[in-house]
Structure formats: structure tokens, C-alpha cells
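Please read the points below with the model open beside you.

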Amino acid sequence: MSCRMIRPAIVADSGPLISLAIIEQLDLLRQLYQRVLVPPAVWHEVTVKGLGMPGAQAVAQLSWLEIRKPEPQVRQPLSILVDPGEAEAIALAQTITDSIVLLDDSQARRVAERFHIPRIGTLGILRKAKKHGLIIAIRPYIEYLRANNIYMANNLVEAVLQDVGE
């Protein structure tokens, strides 16, 4: 199934990867983007430090995930503002043409915004997937994520559901 991709590459942070793994929808990333990149810090956070945790095995088995190291001089100024995974993800997105960064953390999203880096979150991926006909409904996924202690702001959830007519 091919759909028009808005951006060729997406750089993922650990939170959204874990959320998408919990709802078994990691494949949406591959269906929506030509390339799915993760920096080493994110890979380590999810698959090594997170071993045995939700998403660790699912993410470790993705053959289409590209692990790419960001430039240290780009990452450095970011690492004082956000955690290592977020810093590497934002830095990588900064250096890859036409990429978007996948972040759920509000502080990290503000930092990306300050650096004029396009960003999307887990809800944005689900919204886009529904608009492309890749999933039927978003609400069941949101309820499942919340049941698994994944925080999502109510106003954001309501806005997304309203936007997709749920």
C-alpha cells in the first residue's frame, strides 16, 4: 500500500517508538515514510536499557529501521536542553534534508520548534495513518495507550479525534 509521503524521512525518539510498539503499529512509520531513522541513544534506550520492557523486542526486530549517529557539534548544544535520545533525534533531524522528528515530550517538541525542525508525535502518526486509510479508528489505540500508562494531554486527544471525525 503506497500513500503520498509528506516527508521522505522520519527520525524517531524512544517514547513514540514504545507507544507504537505497545499498540503494534510500528509498521505505520514504514508505510508513511521512505526512511525511518533512530539515533544510537534512542536505540540503546529502547532495546538495551529497556530490555524486557514494552516495545524493546518489537523495535529490536525491525529490519527497516536505520541507526544513524548525529553530528556531535549539532547534538552538543541540544544535550543541555533535553535527554540524550531527544538531543540525538533532534540533531539528526536537523542534518537530514526533508526530515521530521517524532517526539512526544513537550519540552523536546519546544526545543525542536525553536530550531525550526518539523515535528510530529504519536497522535500525529495515528491521525495521518487514519487519513491515509491505514487504520480504521484512533480512539481504541488511545484508550489502550492510556491503559498502559502512556500520558496524552486531553485537549490534544480531543482535537485529534474531532479532526478525524471520531
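1. R127 has a relative accessible area of 32%, so the residue counts as partly exposed; buried means under 20% relative accessible area, exposed over 50%, and partly exposed in between, with a 1.4 Å probe and protein chains only. D163 is also partly exposed, at 38% relative accessibility. R127 forms a salt bridge with D163, and the closest N and O atoms are 2.4 Å apart. A salt bridge here is a side-chain nitrogen of Lys or Arg within 4 Å of a carboxyl oxygen of Asp or Glu. The pair links distant parts of the chain, since R127 is in helix α8 (residues 122–131) and D163 in helix α10 (residues 154–163), 36 residues apart.

2. A note on the source: this is a predicted model, in which local features need pLDDT of at least 70 and side-chain atom pairs count only at pLDDT 80 or more, while totals for chains, interfaces and linings use all residues. Residues are numbered from 1 along each chain as its sequence is written, and side-chain values use heavy atoms, with hydrogens and water left out.

3. E166 is partly exposed, with 27% relative accessibility. Salt bridges that share partners also join R127, K131 and D163 into one network.

4. How many salt bridges are there by this rule? The count comes to six. One of them joins R35 and E66, whose closest N and O atoms are 2.9 Å apart. R35 lies in strand β2 and E66 in strand β3, so the pair ties together parts that are 31 residues apart in sequence. R35 is partly exposed at 29%, and E66 is partly exposed at 27%.

5. Now the sheet. Five strands form an open sheet in the order β3-β2-β1-β4-β5, with parallel pairing. β3 (65–67) and β5 (119–120) stand at the edges with a single partner strand each, so one side of each is left without a neighbour in the sheet. Strands and helices are DSSP runs numbered from the N terminus (strands E, at least two residues; helices H or I, at least four), and two strands pair if DSSP finds at least two bridges between them.

6. Strand β2 (residues 35–38) pairs with β3 over three bridges, and V36 stands opposite L65 in β3. Strand β1 (residues 9–12) pairs with β2 over three bridges, with V11 opposite L37 in β2.

7. The largest nonpolar core has 38 residues, and those with the most contacts inside it are I10, L17, L29, L102, I125 and I138. Such a core is a set of buried Ala, Val, Leu, Ile, Met, Phe, Trp, Tyr and Cys residues joined through side-chain atoms within 4.5 Å. A second, separate core of 19 residues includes L78, A87, L103 and I117.
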